[in-house]
Amino acid sequence: MRVSVHDYYAGKSSQILCLYVITIKPFLLQYKLTGIVFFWYTVLKQDKENYRPMKELFIKYKEIILYIIVGGLTTLVNWIVYAPCTHLLPIKTEGQLVLVSNIIAWVASILFAYFANKMWVFKSKTKGIKELTKEFTAFVGARLLTGIIEIIGVPFLVTIGLNQTLLGIEGAISKVVVSVVVIVLNYVFSKVFIFKKKA
């Protein structure tokens with residue numbers, strides 16, 4: 001079956017538009033957010049006295065704030081990897097394409113999350129192949145555990161009655177509740193067990 005030149009380029013245009021919305025547009029948003037952060041940094045630096053309480057609050061909860069930021073960036077990495085995979089991988093079956101793309105994106109986001117949390121959030125000083133392997137294995141194991149909790153938790157809460165919709169999305173309240181629990185558990189696992197500071 002021949003495809004006309006018009007249909008071919010129309011299809012390519014839709015793919016490019018999809019890639020722009022999912023990958024390039026978040027980068028533009030990130031640049032805007034960076035500009036806002038830089039602006040507030042400049043304001044705080046120039047007017048230290050008026051903004052001292054805000055600065056002290058940031059210092060007090062710095063670890064939690066950085067953890068939330070890294071979590072957001074991890075989600076961004078997941079989408080940035082997932083979107084091109086769905087267009088570039090030579091898999092014809094839609095279900096298999098989504099599955100493989102999701103697995104690759106999950107692996108990429110886990111790697112990013114591990115190194116970002118290790119270096120910037122919890123500042124782990126672990127060195128040596130053996131110690132790093134143990135730490136990384138514990139990190140992946142914790143994420144797998146919370147992933148299972150999320151997979152099981154949402155339908156469980158829906159079946160026991162927490163099935164309210166939010167913005168027209170079925171089971172959204174259950175999803176929000178479980179997501180909060182998963183975020184807290186990931187933070188506790190990372191701080192207490194995985195990246196715990198040695199005495």
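In which helix is Lys118 found? Lys118 lies in helix α4, which spans residues 94-121, where helices are DSSP runs of H or I with at least four residues, numbered from the N terminus. The model is predicted, so that local features need pLDDT of at least 70 and side-chain atom pairs count only at pLDDT 80 or more, while totals for chains, interfaces and linings use all residues. Residues are numbered from 1 along each chain as its sequence is written, and side-chain values use heavy atoms, with hydrogens and water left out.

View 1. Leaving aside residues up to four places away in sequence, Lys118 touches Lys123, Ser124, Thr126, Leu132, Glu135 and Phe195 (heavy atoms within 4.5 Å).

**View 2. Val77 in helix α3.** Val77 belongs to the helix of residues 62-88 and, not counting residues up to four places away in sequence, touches Ala108, Ser109 and Phe112. The C-alpha atoms of Val77 and Ile110 are 9.4 Å apart, although 33 residues separate the two in sequence.

**View 3. Leu144 in helix α5.** Leu144 is found in the helix formed by residues 129-159, and its relative accessible area of 45% makes this residue partly exposed (between 20% and 50%).

Technical notes. Helix = DSSP H or I, 4+ residues; strand = E, 2+ residues; numbered from the N terminus. Buried < 20%, exposed > 50% of the residue type's maximum accessible area, 1.4 Å probe, protein only.
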